[in-house]
Amino acid sequence: MERVNPVDTGSSGAPADPGAPADPGAPAEPVDSATAATAVPGDPVPPPVGGVLWSVAGDIRALLMLPAALTMQVAHPAIGAGVDAHSVFRTDPWGRGERSLRSVQLWIYGGEDAAREGRRLRKLHRDIQGTDAHGRRYHALTPAYYSWVHATGFPVYAHGLRLLARPLTEAQERQLYAEWLQVGRILGIHDRDMPQTIEEFWPYYRKVLAEELEATVVVRELLDPGQPVPAPDRGPLPLRLALRLLWPVLRRPFLRLRAFLTVGLMPPDAREAIGLEWTDAQDRTLRRLARVVRAVVPVLPERLRYLPLARKAREAARGAAR
């Protein structure tokens, strides 16, 4: 689901000031220890403990929403081209997903590690550039591109929570947007490159939908149930072995479900802008599934409801309060 004084550009068209990533799941490169391991005075801090993001970003329902945001990102031709050429989502999809999820969790629950992760990602993406399908040059750190990568999280959270949890109040939606801007600062986005209020955000968002998004090669690939995705290679060994054995049978149904949730949990205006089909029957099925999720998830014990980094952060916050 999330990336800056004016940005100077060199002869290559790449920003001299690093910004945030197009693919947070890319493998980490060696990072200078002074950059990665020490806090820098004035580092932006994560959103507040007890805030809206604190409550929703680590909830397991966020796992259902993230693919919609990722698909909206790669529907931008420049971002899609960068992911197509530089991401390992085809050769290491499960590792990429695990790294992406950990990165997102660090932005919110990582404390001092949040800013360190932002610096790591900016360094990682300095050399990602190329030409998109329309023959236009792109660089991963161009403000318009990495700001869109980050921006997609807000409308996806707002839409997904209406279905999977409960609609945000107006005050909560404003707080969520303010917290999302704070995450953007962690990722290196300057305030001038993101709308600073909800009133400014929605016209910006609709403009990108109308003028930029399309069903790129990567979008079509992510939603194709026939893709040769390898069996999961994460988790306990017995589970990995069982999935490897059953994957020829499970792969296509899993990919169909992933595509269904990706399109269904995408805001309808984004779905329409990309040209993705969504029927009334599919909508009814999604709403039935959402009712089950709304009933089951809130009664789960914390160890099952929250992702590991979020769970540890919540435990630490309770300890500090005591």
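In which helix do E170 and R174 both lie, and how many residues apart are they? Both belong to helix α9, residues 170–186, and they stand four residues apart, about one turn of the helix. Helices here are DSSP runs of H or I with at least four residues, and strands are runs of E with at least two, numbered from the N terminus.

The model is predicted, so local features need pLDDT of at least 70 and side-chain atom pairs count only at pLDDT 80 or more, whereas totals for chains, interfaces and linings use all residues. Residues are numbered from 1 along each chain as its sequence is written, and side-chain values use heavy atoms, with hydrogens and water left out.

By salt bridge I mean a side-chain nitrogen of Lys or Arg within 4 Å of a carboxyl oxygen of Asp or Glu. E170 is exposed, at 58% relative accessible area, and R174 is partly exposed, at 36%. Buried means under 20% relative accessible area, exposed means over 50%, and partly exposed lies in between, using a 1.4 Å probe and protein chains only.

Helix α6, residues 112–124, holds another pair, R116 and E112, four residues apart. Their salt bridge has its closest N and O atoms at 3.0 Å. Here R116 counts as buried, at 19% relative accessibility, while E112 counts as exposed, at 53%.

R90 and E221 meet through their side chains in a salt bridge of 2.6 Å, N to O. R90 lies in the loop between α4 and α5 (93–109), E221 lies in helix α11, and 131 residues separate them. R90 is partly exposed, at 35% relative accessibility, and E221 is buried, at 16%.

Over the whole structure, the search finds 19 salt bridges.

The buried residues are P77, A78, I79, G80, A81, G82 and V83. What do these buried residues pack against? Their partners are the helices α3 (62–74), α7 (143–151) and α11 (217–222), together with the strands β1 (129–131) and β2 (137–139). Contact here means heavy atoms within 4.5 Å.
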